[in-house]
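Hi,

Here is the structure I said I would pass on.

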Amino acid sequence: MTADHPSTPSPADTASAVSAAPGRAPGRAPARQRTAYGKETWKEISFLLLDLPASLVGFVYSVTTVLVGVALSVTVIGLPLLAAGLAGARGIGRSERARARWLLDVDVAEPSPLPRAGGTLPWLWARLKDPVAWRSQLYGLIRLPWGVVAFTVTLVSLVVLWPVLPFIARGLAAADRGMVRGLLSPSDELERRIAELESDRGVVVDTAAADLRRIERDLHDGAQARLVALAMGLGLAKEKLHEDPEAAAEMVAEAHGEVKLALQELRDLARGIHPAVLTDRGLDAALSSLAGRCTVPAKVTVELPERPAEAIEGIAYFTVSELLQNVSKHARARAASVEVWRADERLLLQVRDDGRGGARLDGGTGLAGLAERLGAVDGLLVVDSPEGGPTVITAELPWRSRQT
């Protein structure tokens, strides 16, 4: 066991890994320097001049739907009218986000859609407690005074304060950006997390379906075909048992060899699903077994206070397995190492090699798919592989203790 741990990936490394992983949005480029009367300024002026009609429509809609719905709430139609008004408020919020995105370059994500509710009462309740719709209504209510001010100041500046118009427009537009981000953006980090999990769920389903197809194909092409041939051979041996005992004995001997090969193929297939050594002896022994099959000499160091949960342990095993396969196939290395340790509530795996380097998430070495699978369980993959080497790949998984 080694005493020195590799350092935990820094926040910068983690951020770069997230931005490089498939399905994650890349970071925005640094803003370029803008001119006083450039395209951005005129777009801001257009937004401010449209503030008055847009805020007037939003104010009238919000006041009408809320007051009518609340006033009639003592009747049968009151709450349905209020729910319908809130559903429409989502549409107004969507149009305002689009206007801000187009004219103010505000990158505001769309909130998650409401789940489909079966039945009238669940539909009604889901819309009455929709925070996105209520914030859109609040946006419509407070926008009218601001819309009047922004429209008036911009129009007057356009006529008599021409030299300072770009600075006035920039300040007013900054306030508009703040209101859009504050009231029309997704509720909080939970909304964005839900969207990520929905995407990750699709990756998990696709990966599970691909694994099932692989297992089915391996069984059909390997052990099943061999067992069919074995059954046919035993049938022929049975027919010749009395006519030609020596030939029947040879056929039985061949069938015995086929049984051994079929058993070996089934063992290999079971190892690919979940190796017995991992279940019985844990990550240290299982990763040492992987290192022994690697074509490059590999040293394994595992320092864990306890065994993680079975699912996390299995993901860690197959992650190292794929990384060591990449080392064998692509790295042209002379030596490699595998280190596993726990940092707070994360399980970290690091595979190093002294090969030629140049590994990339989009380099066709399977790292892109591995990053997707890790992301689906809230994991990360950090690749540091300059041309000429060495290559250091760090995988990070959430830590969950094994339940006894």
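To start with the surface, the protein exposes about 22,800 Å², and carbon and sulfur atoms supply 62% of that. The areas come from the Shrake-Rupley method with a 1.4 Å probe, and for residues only the protein chains shown count as cover.

Some housekeeping: this is a predicted model, so I kept to pLDDT of at least 70 for local features and 80 or more for side-chain atom pairs, while totals for chains, interfaces and linings use all residues. Numbering runs from 1 along each chain as its sequence is written, and side-chain values use heavy atoms, with hydrogens and water left out.

Overall, the protein has 12 helices and 5 strands. These are DSSP runs numbered from the N terminus (helices: H or I, at least four residues; strands: E, at least two). Of its 404 residues, 37% are buried. Buried means under 20% relative accessible area, exposed is over 50% and partly exposed is in between (1.4 Å probe, protein chains only). Taking contacts (heavy atoms within 4.5 Å) between residues at least 6 apart in sequence, 74% join residues at least 24 apart.

What does β5 pair with? Strand β3 (residues 346–353) runs antiparallel to β5 and is joined to it by 8 bridges; V351 has I393 as its bridge partner. Strand β4 (residues 380–384) is also antiparallel to β5, over 5 bridges, with D384 opposite V392. Pairing here requires DSSP to find at least two bridges between two strands. β4 and β5 make a hairpin with 6 residues between them, and G388 in the turn has a positive phi of about 95 degrees.

Two aspartates are worth a look too. Most residues other than glycine have a negative phi. D105, not a glycine, has a positive phi of about 55 degrees. D105 sits in the loop between α3 (78–103) and α4 (120–128), and counts as partly exposed because its relative accessibility is 38%. D344 also has a positive phi of about 55 degrees without being a glycine. D344 is in the loop between β2 (336–343) and β3, and at 71% relative accessibility it counts as exposed.

Cheers
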